[in-house]
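Subject: Structure for your files

Dear colleague,

Please find the structure below. My notes on it follow, grouped by region.

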Amino acid sequence: MSFWRVLLSIICPPLAVLDKGCGSIFIVFLLWLCGWVPGVIAALVIINNPNR
């Protein structure tokens, strides 16, 4: 997890998970629309997942 990816997930979470697949982008985008904090948390969890 790079510093720039974390910074991008704080500023605009859907952009931070672009390379993780369409489902991840959609989930993070919906959570981001519901509120900034859930979107950031979801993006950080997806980025930090070692299995992907």
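**Serine 9 and its surroundings**

A polar atom of the serine 9 side chain lies 2.7 Å from the backbone oxygen of valine 6. Before going further, the basis: this is a predicted model, in which local features need pLDDT of at least 70 and side-chain atom pairs count only at pLDDT 80 or more, while totals for chains, interfaces and linings use all residues. Residues are numbered from 1 along each chain as its sequence is written, and side-chain values use heavy atoms, with hydrogens and water left out.

Serine 9 is placed in helix H1, residues 3-11. Helices here are DSSP runs of H or I with at least four residues, strands are runs of E with at least two, and both are numbered from the N terminus. The relative accessible area of serine 9 is 0%, so serine 9 is buried. The cut-offs are under 20% relative accessible area for buried and over 50% for exposed, with partly exposed in between, using a 1.4 Å probe and protein chains only. Setting aside residues up to four places away in sequence, serine 9 touches Ala16, Val40, Ala43, Leu44 and Ile47. Contact means heavy atoms within 4.5 Å.

**The nonpolar core**

Which residues form the largest nonpolar core? There are 7: Ala16, Val17, Val28, Ala42, Ala43, Ile46 and Ile47. Helix H4 (residues 36-48) gives the largest share of this core, 4 residues. The term covers a set of buried Ala, Val, Leu, Ile, Met, Phe, Trp, Tyr and Cys residues joined through side-chain atoms within 4.5 Å. Alanine 16, one of the core residues, touches Arg5, Leu8, Ser9 and Ile47, again without residues up to four places away in sequence.

**Arginine 5 and aspartate 19**

Arginine 5 also lies in helix H1. With a relative accessible area of 26%, arginine 5 is partly exposed. Beyond its neighbours within four places in sequence, arginine 5 is in contact with Ala16, Asp19, Lys20 and Ile47. A polar atom of the arginine 5 side chain lies 3.5 Å from the backbone oxygen of alanine 16.

The side chains of arginine 5 and aspartate 19 make a polar contact at 3.2 Å. A polar contact is a pair of N or O atoms within 3.5 Å; within protein, one must be able to donate a hydrogen and the other to accept it, and residues adjacent in sequence count only if both atoms are side-chain atoms. Aspartate 19 sits in the loop between helix H2 (13-16) and H3. Its relative accessibility is 54%, so aspartate 19 counts as exposed. From aspartate 19 to glycine 39, 20 residues along the chain, the C-alpha separation is 16 Å.

**Aromatic pairs**

How many aromatic pairs does the structure hold? The count is 2. In one of them, phenylalanine 3 and tryptophan 4 have ring centres 5.1 Å apart and planes at 70°, so the pair is edge-to-face. Rings of Phe, Tyr and Trp (its six-membered ring) pair if their centres lie within 6.5 Å; planes under 30 degrees apart count as stacked, over 60 as edge-to-face and the rest as tilted. Both phenylalanine 3 and tryptophan 4 are exposed.

**Cysteines**

The structure holds 0 disulfides, a disulfide being a pair of cysteine sulfur atoms within 2.5 Å. For cysteine 12, the nearest cysteine sulfur is that of cysteine 34, 15 Å away. Cysteine 12 counts as buried at 17% relative accessibility, whereas cysteine 34 is exposed at 68% relative accessible area.

**The annotated region and the chain end**

The unreviewed UniProt entry carries the annotation "transmembrane region" over residues 28-47. Positions from UniProt are given in the numbering used here, feature names are shortened, and annotations may be inferred rather than shown by experiment. Over residues 28-47 the chain is 95% helix and 0% strand, with 11 Å between the end C-alpha atoms.

Leucine 33 is placed in helix H3, residues 22-34, and is exposed with a relative accessible area of 57%. Asparagine 51 belongs to the segment after H4 and counts as exposed at 71% relative accessibility. Asparagine 51 and isoleucine 41 are 10 residues apart in sequence and 18 Å apart in space, C-alpha to C-alpha.

Regards
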